Amino acid sequence: MTKGVLVCGERRCNWRGHESHLLSAVNPFEPTETLYACPECKAIDNYAGECEVQGCTSIASCGTPTKNMGYIRCCGKHFDEFGVMK
Ligand SMILES: [Zn+2]
Ligand SMILES: [Zn+2]
């Protein structure tokens with residue numbers, strides 16, 4: 001289970017880590033907003049959660065309630081496998 005792990009969306013960047021590791025800065029165009037960026041490649045707002053199924057490193061594209069893991073964020077493959085809402 002890799003709950004809360006984020007992965008960078010840039011193809012050439014292999015960063016994965018926790019939300020608290022992201023760089024953050026005030027959005028210069030919208031001072032009430034905060035921008036978050038990858039600490040490796042500095043890509044802004046280009047990250048996604050990792051599939052929370054044990055051993056899976058795909059990017060989570062959806063989320064679903066499951067029988068024994070509660071609500072998880074997961075990839076399409078595990079959505080089909082574990083989802084209880086079909
Ligand atoms: Zn990156
Ligand atoms: Zn998965």
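Into which domains is the chain divided? In this predicted model, for which local features need pLDDT of at least 70 and side-chain atom pairs count only at pLDDT 80 or more, totals for chains, interfaces and linings use all residues. Residues are numbered from 1 along each chain as its sequence is written, while chains are lettered from A and ligands numbered from 1 in the order in which they are written. The division is into domain 1 (1-48) and domain 2 (51-86), with bounds that come from an automatic or database domain assignment, and the centres of the two domains, taken over C-alpha atoms, are separated by 22 Å. The C-alpha trace of the chain spans about 45 × 30 × 20 Å along its principal axes.

The chain holds one helix and seven strands, which run β-β-β-β-β-β-β-α from the N terminus on; helices (H or I, at least four residues) and strands (E, at least two) are DSSP runs, numbered from the N terminus. Three strands form an open sheet in the order 2-1-5 with antiparallel pairing, where two strands pair if DSSP finds at least two bridges between them. Strand 2 (16-18) and strand 5 (47-49) each have a single partner strand and stand at the edges, so one side of each is left without a neighbour in the sheet. Strand 1 (residues 5-8) pairs with strand 2 over three bridges in the antiparallel sense, and Leu 6 stands opposite Gly 17 in strand 2.

Val 7, placed in strand 1, counts as buried because it has 21 C-beta neighbours inside 10 Å; the class is buried if 20 or more other C-beta atoms lie within 10 Å of a residue's own, exposed if 12 or fewer, and partly exposed in between, with C-beta atoms placed from the backbone. Not counting residues up to four places away in sequence, Val 7 touches Arg 16, Tyr 47, Ala 48, Glu 50 and Ile 59, contact being defined by C-beta atoms, placed from the backbone, within 7 Å. Of the 86 residues of the chain, 17% count as buried.

The largest nonpolar core comprises six residues, Cys 51, Val 53, Ala 60, Ile 72, Cys 74 and Phe 79, such a core being a set of buried Ala, Val, Leu, Ile, Met, Phe, Trp, Tyr and Cys residues joined through C-beta atoms within 7 Å. Apart from this core lies another, of five residues, among them Leu 6, Val 7, Cys 38 and Tyr 47. Leaving aside neighbours within four places in sequence, the contacts of Cys 74 include Cys 51, Val 53, Ala 60 and Phe 79.

Key:
Two residues are in contact if their C-beta atoms, placed from the backbone, lie within 7 Å.
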